[in-house]
Amino acid sequence: MPQPIELPIWAELQAHHQRISGLHMRDLFDADPQRFERFSVEAGDFLLDYSKNRITDETLPLLLRLARDRRLEAWRDRMFDGERINNTEGRAVLHTALRNRSGRPVFVDGEDVMPAVRAVLQRMRDFSARVREGDWTGCSGQRIRDVVNIGIGGSDLGPLMVCHALAGCDEQPLRVHFVSNVDGCMIEQVLSDLNPETTLFIVASKTFTTQETMTNAHSARDWYLRATGDEAGIARHFVAVSTNREAVAAFGIDTAHMFEFWEWVGGRYSLWSAIGLSIALAVGFDAFEQLLDGAHWMDEHFRHAPLERNLPVILGLLGVWYVNFFGAETHAILPYDYLLQFLPNHLQQLDMESNGKSVDRDGRAVGYATGPIVWGAPGINGQHAFYQLIHQGTHLVPADFIASRRPRTRLTHHHEIVLSNFLAQTEALMRGRTRDEALALQRAAGVSGEVIEQRVAQMVFPGNNPTNSLIVERLTPHSLGALIALYEHKVFVQGVIWNLNSFDQWGVELGKQLASRILPELRSGRLEQAHDASTEGLIRYLLAKR
């Protein structure tokens, strides 16, 4: 398959960029009172306003031609149809089957996977109900009060984000905690306030060999045994989300309480699977199903909405526009909703682990930029931290602003402040402030002389910073599921444009392999492997200081 830069449409986009790159959005809005209506899409519970982007009437049609030339629709169909589009690992990519609510069969190698998916969901429903209702008790017969999810990466970031976002959406009889970092301080801190007799651990590891997860799991196991001395009680206080039955049994977990998932479920796409058991325990299985319903709604929108009004397609193509034609290296996720505090963390892994690649799916080095650096924090906190750089710094930072129209809090006057800042920041980033406007402000404040000149120079904002405004009717399990799926499909769109396999992550392997060589040296106190001079010097320093 040709690389995107080899296509005629790429050259057309470059020429278009040269023609419009000097335009200012302030002037585009002044010239077109209908710009919002023409560059916004309402679908389901979402409004996407993309009018504050450096685009004209020509831009999106050109980007859509690029998408069609890259055969986006065919790739989308191949994913939903269960083809092995993860070519380096020979796997299908079917996180969408996990939330398939249509009753439609989904085939992998001629086998419908939906009966197995529904069976695991039923087991999750039954188990979460038993724990939440107090029918599942610990070793001393007391009901479970706390759940600790032990996982890392996709086994942590997605469930953590969802549990925080949906906190308080129903009566929650359980406190759910997350342990991911292998730094012992994390698990010590979590366990310090827990009662072993009323705590349930979920060990989430597909292979049940992940070093960080299993180290934390064994520390939790030791903590439980020190307190109770009850080896048989392990089966009441530990369950597993895994595919390695032998390792789960060797740990002491009853394999009847092992929840499986499949090789076609990638880690960063796994919260819809049994990896979401912590979500079901935290908010109830009905809410978990509503999460699946919302994601399925977005799947159907992605599959069937015209590309011109398709939310993931529009966001994905705008991202390509800035990365490849404006040279943007970063993208900010800025949710104006405290409950979405961990959304940027989840999307960081989703995007950067998927498209942070310099080799295309055909094994060729790319000659163009790919996935951006994704980061962010909730508004309004970010305004007091890093917005200065976005407004007046030397980097172009496209940003997605996300807000709920209706709050989940009774303190509606707080929400009005949040929304006013949500709206004001995108306006300020678009408009900027001219020298004349800064002068007028200072003169109105009674400033004159040399001071006014010094201040005005610092008060000019260039503006012309692109933003997307995404408004959700209300943050519910359904709308959250749709929001997460929206970004999953956005990442897929960009992977197709860039000819990447967005579903492998070979770049994370080398560090793990080298760590496995260094760990025995730290434990034995002897250097036994060849290292570069820096690494060897650091090891010698640590050993000498020990």
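Is Phe401 buried or exposed, and what is its relative accessible area? Phe401 is buried, and its relative accessible area is 0%. The legends below describe close-up views of a predicted model.

**Figure 1. Overall view of the predicted model.** The protein contains 23 helices and 13 strands. Along the principal axes, its C-alpha atoms fill a box of roughly 75 × 60 × 60 Å. The radius of gyration is 26 Å, which agrees with the value near 24 Å that a compact globule of 546 residues would have. Buried residues make up 52% of the 546 in the protein. Among contacts with a separation of 6 or more, 74% are between residues 24 or more positions apart.

**Figure 2. The ring pair of Phe401 and Phe422.** The protein has 25 aromatic pairs. A pair of aromatic rings is described by the distance of the centres and the angle of the planes. For Phe401 and Phe422 these values are 6.3 Å centre to centre and 65° between the planes, an edge-to-face arrangement. Phe401 belongs to strand E12 (residues 399–406) and Phe422 to helix H18 (residues 412–431), so the pair links distant parts of the chain, 21 residues apart. Phe422 is buried, with a relative accessible area of 1%, and Phe401 is buried with a value of 0%.

**Figure 3. The ring pair of Phe302 and Phe492.** This aromatic pair is edge-to-face, with 6.1 Å centre to centre and 85° between the planes. Phe302 is in helix H14 (residues 285–304) and Phe492 is in helix H21 (residues 477–497). The two residues are 190 residues apart, and their pair links distant parts of the chain. Both Phe302 and Phe492 are buried.

**Figure 4. A cluster of aromatic rings, and two arginines over ring faces.** Ring pairs join Trp10, Trp321, Tyr322, Phe325, Phe326 and Tyr368 into a cluster. In a separate panel, Arg123 lies over the face of Phe259, 4.6 Å from the ring centre. A further panel shows Arg221 over the face of Phe251, at 5.5 Å from the ring centre.

**Figure 5. The nonpolar cores.** The largest nonpolar core has 120 residues. Helix H21 supplies the largest share of this core, twelve residues. Trp264 and Leu480 are the residues with the most contacts inside the core. Leaving aside neighbours within four places in sequence, Trp264 is in contact with Ala92, Val93, Leu94, His95, Ala97, Leu98, Val108, Val113 and Val117.

**Figure 6. Helix H19 and its two sides.** Helix H19 spans residues 435–444, and its buried residues are Ala438, Leu439 and Gln442. These three lie on the same side of H19 because they cover an arc of only 100° around the axis. On the other side of H19, Asp436 and Ala444 are exposed. The buried residues of H19 pack against helix H20 (449–459). Just after H19, Gly446 has a positive phi of about 80°.

**Figure 7. Positive phi at Arg71 and Asp109.** Arg71 is not a glycine, yet its phi is positive, at about 60°. Arg71 is in the loop between helix H4 (59–69) and helix H5 (72–80). With a relative accessible area of 47%, Arg71 is partly exposed. Asp109, also a residue other than glycine, has a positive phi near 55°. The loop that holds Asp109 runs between strand E3 (107–108) and strand E4 (111–112). Asp109 is exposed, and its relative accessible area is 61%.

**Figure 8. The cis peptide bond from Gly379 to Ile380.** Omega of this cis bond is near 15°. Ile380 is in the loop between strand E11 (373–376) and helix H17 (387–392).

Key:
Residues numbered from 1 in each chain as written. Predicted model: local features only at pLDDT ≥ 70, side-chain atom pairs only at ≥ 80, totals over all residues. Heavy atoms only, no water. Buried < 20%, exposed > 50% of the residue type's maximum accessible area, 1.4 Å probe, protein only. Helix = DSSP H or I, 4+ residues; strand = E, 2+ residues; numbered from the N terminus. Arc of directions from axis to C-beta. Contact = heavy atoms within 4.5 Å. Phe/Tyr/Trp six-rings, centres within 6.5 Å; stacked < 30°, edge-to-face > 60°. Lys NZ or Arg CZ within 6 Å of the ring centre and 35° of its normal. Core = buried A, V, L, I, M, F, W, Y, C linked by side-chain atoms within 4.5 Å. Rg over C-alpha atoms; globule rule 2.2 N^0.38 Å.
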